[in-house]
Number of protein chains: 2
Amino acid sequence: MTIPLPLFASTTETADGSLVLASVLLSLVVIYFASKLGGELSNRVGLPAVLGELVGGVIVGVSALNLLVFPGENVDASSSLIMQFLQFSDGLTPEAANGVFQAQSEVISVLSEIGVIILLFEIGLESNLKDLMGVGIQAVLVACVGVVVPFAAGTAGLMIFFGISAIPAIFAGAALTATSIGITSRVLSELGKLNSKEGQIILGAAVIDDILGIIVLAVVASLAKDGAVDVANVVYLIIAAGGFLVGAIALGNAFSKSFIVIVSKLKTRGDLILPAFIFAFVMAYIAAAIHLEAILGSFAAGLVLDENDKRNELQKQVIPIADMLVPIFFVTVGARTDLSVLNPTIPANREGLVMAVFLVAIAIIGKVVTGLAVFGQEKINRLAIGVGMIPRGEVGLVFLGIGSNTGVLSKPLEAAIIMMVILTTFLAPPLLKLVFPDSDTNLVSVNPDKPVLED
Amino acid sequence: MTIPLPLFASTTETADGSLVLASVLLSLVVIYFASKLGGELSNRVGLPAVLGELVGGVIVGVSALNLLVFPGENVDASSSLIMQFLQFSDGLTPEAANGVFQAQSEVISVLSEIGVIILLFEIGLESNLKDLMGVGIQAVLVACVGVVVPFAAGTAGLMIFFGISAIPAIFAGAALTATSIGITSRVLSELGKLNSKEGQIILGAAVIDDILGIIVLAVVASLAKDGAVDVANVVYLIIAAGGFLVGAIALGNAFSKSFIVIVSKLKTRGDLILPAFIFAFVMAYIAAAIHLEAILGSFAAGLVLDENDKRNELQKQVIPIADMLVPIFFVTVGARTDLSVLNPTIPANREGLVMAVFLVAIAIIGKVVTGLAVFGQEKINRLAIGVGMIPRGEVGLVFLGIGSNTGVLSKPLEAAIIMMVILTTFLAPPLLKLVFPDSDTNLVSVNPDKPVLED
């Protein structure tokens with residue numbers, strides 16, 4: 001007897017619900033597979049895992065395998081291999097498939113946004129306000145030079161040499177300002193240079209750069225939403241961004257104490273993580289509601305909650321949640337990126353490639369000069385400090401993802417930015433090894449979970 | 001100068017995206033608040049936290065505050081306080097608000113389904129196949145009696161005395177079969193009876209009941225989807241459900257070893273949790289694709305992964321993820337429940353109330369008799385074993401949530417089932433204390449994180 005295997009029934013009203021769930025489950029499987037495979041391969045060749053997650057996303061996305069695609073111009077359910085599979089197995093009509101495709105994309109997009117909210121919450125938790133104050137003026141100078149020079153040179157260059165209009169040029173310039181605290185600190189730890197003087201200044205500057213970058217991002221994203229550069233709005237946004245962050249931190253100490261009092265009274269599961277997430281999500285909502293970006297709120301929430309004695313436990317609990325949700329963000333950013341515009345055999349694409357070369361040059365030069373801002377330190381390795389600021393990593397991707405969502409970036413510019421992020425992230429570990437000549441660690445075999453200690 | 005505070009711009013195409021994110025963030029804040037407040041209050045009066053999460057959901061949902069509502073008959077964006085707030089702050093048109101409301105509800109629904117998938121994965125991880133075998137025939141008998149008696153009596157009684165048609169009656173009967181392993185084990189631990197002979201049999205039977213219940217659920221849910229009782233289909237489903245679970249477990253040992261080999265080679269973040277989730281989500285997808293329920297797949301995945309030496313680490317990492325996602329399920333189940341149908345002042349509601357009384361009686365008697373199935377144990381406390389099987393807890397809610405999604409349950413019957421789940425869960429801890437007269441633990445002040453040990 002042959003037993004028919006009816007897959008999801010598609011006639012009742014509940015079928016759509018289970019089809020949406022099925023397509024989300026398959027999408028998550030694809031995302032996790034791409035993230036793990038890419039991350040591990042990247043790690044094996046001595047590069048940050050995040051780079052591999054992004055490349056994994058590019059491979060499963062619209063540039064190659066079409067497993068994970070998002071609705072857009074000329075893109076509907078028939079472009080998605082996952083939807084084609086579900087259509088085949090369930091005999092869905094194209095209209096029904098499009099409905100499921102829209103719902104699935106909405107769910108994955110929100111999950112990826114929650115992923116980046118949690119990533120920035122985690123970065124906030126890792127950043128220590130007091131250490132940051134202690135590193136002092138050196139780190140602030142390095143960070144400021146590293147924001148101003150790439151932003152000004154990048155934005156001006158794109159407008160003058162490439163005729164890009166102000167908003168997308170500013171977005172690209174903003175993406176150039178980022179420094180990945182995650183990648184920088186991991187590479188320094190792998191080289192055994194985390195506690196060197198150069199390492200301290202790089203780390204401090206990367207933390208400050210994160211804050212400056214988020215303010216820049218909030219300003220730029222708002223400009224992109226409003227479609228024009230409005231000076232009053234810029235001033236309002238700078239005040240709002242700065243005020244929000246400073247206010248959150250100023251209130252932080254008092255809040256942090258009430259948080260501990262509340263949490264210590266709770267006895268049931270989720271006693272620490274749920275109050276923390278309520279705080280982070282409320283802050284993210286407020287940041288978004290006053291026209292900043294949601295991630296600014298969760299970053300501030302992380303910074304505030306960093307200052308209490310539940311911090312270690314909270315960080316420990318956030319790690320698996322970040323491990324589950326953050327890859328959705330990175331893989332989605334990669335998947336949304338249409339690298340085909342960089343194909344040099346198509347004449348129209350050459351502009352994008354030239355832009356990518358320009359952006360990479362600005363990205364490297366603009367950060368290497370930051371070492372010159374260090375003063376009063378005779379024997380300091382200025383080149384190492386500058387090189388340490390190069391990797392854009394996940395912070396650059398945050399800029400790209402938000403710019404991409406606003407729709408202001410042209411495809412060649414978007415691809416040029418992702419090339420810049422990939423190349424700076426890719427080049428930083430070998431370059432850092434080169435400029436720290438006394439480091440004898442073999443980058444290839446380093447396990448990031450067991451950082452090599454200083455000798 | 002008065003600075004205008006424009007909330008989310010609603011004119012561009014990207015605004016919808018940030019409005020959906022904003023409404024999801026606000027919904028999550030409401031869910032976490034309801035879950036924590038309800039869970040903690042419930043815990044303070046000596047009841048399981050999960051009961052409070054459910055009641056918290058009822059309070060924020062369609063029965064009371066209307067903060068968390070889902071689209072349906074007579075329910076659109078104007079019914080949701082969160083959507084009203086966003087409409088007010090952004091000047092959305094009712095059509096745009098309905099679009100955001102639909103997308104937000106879709107996201108929260110999928111998150112709650114992922115939550116229950118992870119809950120069953122965690123229950124699978126907690127259930128130990130070998131211990132389960134060791135408890136032996138006693139536990140199997142108790143579990144079988146506890147499934148057959150309430151199912152038969154409940155289904156027959158609803159059809160005969162209340163004229164309910166077969167499918168919804170079977171669904172209600174199936175909900176009566178559940179035993180909450182989580183609640184049972186926690187209450188036993190609170191009473192210091194986890195390692196008594198009665199405790200062992202209750203626990204073993206609850207584990208087996210979980211497996212039987214999931215098979216019953218899969219069968220019943222499929223019947224509900226097809227709209228009729230089809231004997232060939234029932235046989236196919238029993239074979240599929242049993243075969244799926246047995247096959248997964250039989251292959252489990254080999255798979256578990258490859259899993260360890262793969263995981264031990266991974267070096268980047270998420271090295272354990274992402275492969276585990278790939279497995280759990282693939283199994284959930286397969287279970288759903290062969291017409292069973294997705295949760296059956298994740299439960300089998302948890303059982304399989306239980307059998308290896310990464311288990312403790314995996315369980316530790318799943319806890320914060322479950323803490324974040326599982327409450328979305330419980331609160332959503334509560335929020336979807338319209339308790340107003342149990343209002344006795346409306347004459348039409350009296351049938352629902354009478355059904356609730358009948359279901360509660362069957363729920364208690366049908367489990368108390370299971371103690372009689374124990375043989376060859378002279379001094380055993382049969383009453384305690386029967387009472388230990390009473391709480392339906394999260395497993396009963398899984399049945400209710402799935403029944404509710406299929407749309408076959410009438411509102412009075414749905415409310416009667418939730419009353420049954422609430423009352424059995426509510427009554428079990430004080431009743432258990434009563435039937436274990438030698439337990440001297442004060443239930444009220446017990447901290448579940450610090451279980452009272454046996455004296």
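B:Glu40 touches A:Lys265, A:Leu266, A:Lys267 and A:Thr268, leaving out residues up to four places away in sequence; contact means heavy atoms within 4.5 Å. This is a predicted model, in which local features need pLDDT of at least 70 and side-chain atom pairs count only at pLDDT 80 or more, while totals for chains, interfaces and linings use all residues. Residues are numbered from 1 along each chain as its sequence is written, chains are lettered from A in the order in which they are written, and side-chain values use heavy atoms, without hydrogens and water.

The side chain of B:Glu40 reaches the backbone nitrogen of A:Lys267 at 2.9 Å. B:Glu40 counts as buried because its relative accessibility is 6%, where buried means under 20% relative accessible area with a 1.4 Å probe, protein chains only.

A:Lys267, A:Arg269 and A:Tyr285 supply 12% of the area that chain A buries against chain B, more than any other three residues.

A:Arg269 also meets B:Asp323 in a salt bridge between side chains (2.8 Å, N to O), a term for a side-chain nitrogen of Lys or Arg within 4 Å of a carboxyl oxygen of Asp or Glu. The count between chain A and chain B is 4 salt bridges.

Note on methods. Buried means under 20% relative accessible area, exposed over 50%, partly exposed in between (1.4 Å probe, protein chains only). A polar contact is a pair of N or O atoms within 3.5 Å; within protein, one must be able to donate a hydrogen and the other to accept it, and residues adjacent in sequence count only if both atoms are side-chain atoms. Buried area is the accessible area (1.4 Å probe) that two parts lose on being put together, summed over both.
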